[in-house]
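Below is a briefing on selected local features of one protein chain. Please look over the sequence and the fold before reading the points.

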Amino acid sequence: MLRLVVNTILATLYSVITLLLPSFQHGGTSKDLDEAIVFDREVLALHPIGHPDRSSSLNDLANDLAARFEHRGNEEDLDEAIALHTEVLALHPVGHPDRSILLNNLANDLSSRFEHRGNEEDLDQAIALHTEALALCPVGHAGRSMPLNNLANDLSFRFGHRGNEEDLDEAIALHTEVLALCPVGHTDRSNSLNNLANDLSSRFEHRGNEEDLDEAIALHTEALALCPVGHIDRSMSLNNLANELSSRFEHRGNKEDLDQAIALHTEALALRPVDHPDRSSSLDTLANRLSSRFKHRGNEEDLDEAIALHTEALALCPAGHPDRSMSLNNLANDLSSRFEHRGNEEDLDEAIALHTEALALHPVGHPDRSISLDNLAFHLSSRFKHRGKEEDLDQAIALHTEALALRPVGHTERYMSLVNLANCLSFRFKHRGKEEDLDEAIALHTEALTLHPVGHTDQSSSLNDLANDLSFRFKHRGNEEDLDQAIALHTEALALHPVGHTERSMSLNNLAIGLSSRFEHRGNREDLDEARGKLFCALNLLSQHDPFRLSVHNSLASVYLSYHRSGLDDIGAGEDTDSLDVAMYHLKSAANVVSGGPLSRLQNSFLWVRYAEQHRHDTQLEAYETSMKLMDAYMSMTASVSSRHRAMKDFPLALAVDAASCALRSGDVCRAVELLEQGRTVIWTQMTRLRMPLDGLQTRGDHAAALLKRFRELSSLLDKPPASHPDSTSRVNVDAEETRYRRLVKEWNSAVEEIRNIEGFSRFLLPPLFSDLQEAAREGPIIVLIGSKSSCYAIIIPHKRTPISIQLSTSIEKLQIFVDKLHRTDSPALKKALTELWDDVVCPVVENLDGIAPRGSRIWWCPTSVFNFLPLHAAGEYRQQGRFLSHLYISSYTPSLTALIKARRSHDRSPSVPFVAIGQDHPAGASSTLDAVEPELEFVRNLLPPPPTVSFSKITSVDATKSRALCALRDNSWLHLACHGTQNIAEPFKSAFLMRDEPLSLLDITQTDLSRHQFAFLSACDTAVGDRNTPDEVIHLAAGLQFAGVKSVIGTLWKVDDSTVERLVKAFYENFCGDGTMNSKRASRALHRAVYSLGSDQDIPLEQRILFVHIGI
């Protein structure tokens, strides 16, 4: 009875399982499989050890668990399936008719576990089991093809994992036998064709035997014919054949193979619509082929389509997807290619962001880490070349070094790491001149070349790289063997870049540079002629938007300069132009290659300036104008004022001054003034642009009002100080912030262009014309002093009259000696220097002021270059009956004409003057107290008019903190500040007034709106002296206050004594507001009188009497 019940239950369970499994296999839910496994376990429980049906129950449960593992990836299912299949196999000893099938089942599960975990013992055991299974199916056995196929597949896996060629050869032999068992018409023939073709392809990649590749293509072609339109495996077959055709293209360069591969991949993609599990793979594969075709033919549509496909593929691989890192790399590489072709910086920034994310997915120990390290480093080095940011280059070298360490001798990708690291070291040598970098680069390139034997696809790039570095070493050390070897290598590389190759123009350019260098060294004209011919060929191969045109134009300019210097102006038939003119044409063309990138264009424009100036060519003024325009554009893309200042130090020191000198030599005084205003105080100008009021746009209609709103919003975003990043800040975040800033600049520039289209605003934010600048002289003449390397000039700018140019009988070198003398404390030496200053500079100006400025009136000095550091107001004949400037005129200074014009703009004044006196006698870190600070502030209080004329407040001692001082600065439009002042030579924007807790820096002041402020007296040391590295940026505390909006500022040229301050402050305020009124325009006259009153006081040394200056209205 019991046996009947058990049989009944078993029958029921079997019938349920029989229904559930087909349901799951034909698209049912995984719930069907779960239920089948539950019933399998119940059946097994009814078949204990010793039961004749136990083996079949074990096998059923094991098969279903293996199926669920394939469906969900739960490793516990696979481990249990292997344990069950092991038990089943034990129940079928040698000689059992089913042993072959059970060996295959267990072997397949072990193979799956190897693929999932990588345990080699599983794979070895699977191969042993498949080998035994095959032995049980001798030739002629009906089931022989299955163990043949299984064993072949596992041997192929093991070859891929260990590289043992014997495994691959045996796999191919087995797959060949399988194919013979699947004749035409056999249902498994297509699968067998694919398997054999894949192994032949692997052997081709390993040994390079083209017969293997051709046979693989033939087999895949036949397999595809067995999968007609509508066949479920057609997309797989299309991809397989396309991949092999692509391999053959890379090996032989047959264009038809690549085109056919793209057509097949395109059809395969169409068979994998949105939501298909393999769509992302198809998108990436097709994109890679299009990218390859772009590299070989240069069709931009291929590249754009590749990027679009990679972008879609990446969207299908969200965070956590196993293929995300590959997809990130693919998209990044194509964006990089587009950047190299078109020069769009956003493509490069995005590529770096993608590679950075990909690297994060490959931590230390990951097999693909070295690839990610190389990819990111390569793109950082590209950005360094484009923008010159040294952090990018140093990081690239660190990443390439780590990648090389992961690819020891014998590693298949070692050559790539060698080349990449060598290139970066070469860049660093060019940038910093460290010879060890160049020698190491050559050693690495030499090793890389040994890994690229004749016929290797990367041999040409290795030849070029090594040749370039040998050329650099020749230029640096003069060893002719380096040069000859470089030319030989470039010649060999060119032969590997036939007509149509995308890198042919680069090879032509490189060889031409080598030939040109050899001409310079040996004088063989044939070298120079050959160089010129190759460069014209290179130029003709490049599209109008290719950034590499910049390099070729630059090389052509160098060749034509060589013709000119050597007197070889008979440069060939059809060329009736002077070689110098042609050289300047190419330098100009290089500077105007928009896709070349702002830094490269700027650097090339400096070359144009240098050679045009050297040869006094008639394009020199245009070269200067171009350089200043490009410098402004480059600087505007830099987020912080400190980074702008660092960048300025790398540029020619006196670009604007030399440009003005050039204009003066041609007799154009007005243009000289315009160029000075355009090319000086660049950092201040860029800051003030973002604070332009623009109220006049409000009345120009809705479009204008919307533009105004957009302009103000963008200006506000750009005017915010960039976040300061601690060392721990992610590079990704820093790069993203910089990319965001550049994008905002582009939007801001677009808004400015739209505003210029509105009537009356055509010159909005363009460099001012002389007619506009002359307004600065409305209340007295401006004297602009120009100190260039060629000559020194003074320009007197009167209001609504023709400017006067005076060539001065001094030089930059002599003026520098004056500056050095000023730092001596002995009075005779100082008097002698001030007398020379009168004779050489000030007296010629005074003699030309007759009829322009009456005696006793005001004049404004606008010094440039080294003139910035001279006390012009104190010049005179320091002897009995001598003449002194201070006896003739009242001197003020202005950093620029625009700054003075801006300071004269009127604002509504409050009925009561809000005046704050800030004093700090014991700042943070000070070892002593400034005893004179409190008394000085009391002097000021007592000398100012009482309320309601002046609303006076005072902050001193512990209350005078940075934050309190800033608040007081914002809330009061009149200021007297008494404290320590410090000048930071290295980083002038960190020059500061020292408060109780921390410094109130120049940078803090520039970020404060002082547009309605009237007056500031800076009773502190070094408040009106700038940075000698960038003198024409006029970066000091007094100038900062004026550019921030303060109309009238009194500052100091050097250190001030307490006793001097006490007497001068008292005399100043008595003259300034002794009559009970407050007017910031009276500050210069009040200072003039105060200094004059100290002249008879023999206790005050001369250098203390002349150190206070007035800046502004």
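Helices (H or I, at least four residues) and strands (E, at least two) are DSSP runs, numbered from the N terminus. This is a predicted model, in which local features need pLDDT of at least 70, side-chain atom pairs count only at pLDDT 80 or more, and totals for chains, interfaces and linings use all residues. Residues are numbered from 1 along each chain as its sequence is written, and side-chain values use heavy atoms, with hydrogens and water left out.

**Helix α25**
- Among the buried residues of α25 are Arg549, His553 and Tyr560; buried means under 20% relative accessible area (1.4 Å probe, protein chains only).
- The buried residues of α25 pack against α23 (504–522), α24 (525–541), α26 (579–591) and α27 (598–614), where contact means heavy atoms within 4.5 Å.

**Strand β4**
- Six of the six residues of β4 (residues 858–863) are buried.
- One side carries Arg858, Trp860 and Cys862, and the other Ile859, Trp861 and Pro863.
- In a regular strand the side chains alternate between the two faces of the sheet.
- β4 pairs in the parallel sense with β1 (residues 782–787) over four bridges; two strands pair if DSSP finds at least two bridges between them.
- Ile783 has Trp861 of β4 as its bridge partner.
- β4 and β5 (residues 890–893) also pair in the parallel sense over four bridges, with Trp860 opposite Ser892.

**Asp154**
- Asp154 is found in helix α7 (residues 145–162).
- Leaving aside neighbours within four places in sequence, Asp154 is in contact with residues including Ala107, Leu123 and His130.

Technical notes:
Buried means under 20% relative accessible area, exposed over 50%, partly exposed in between (1.4 Å probe, protein chains only).
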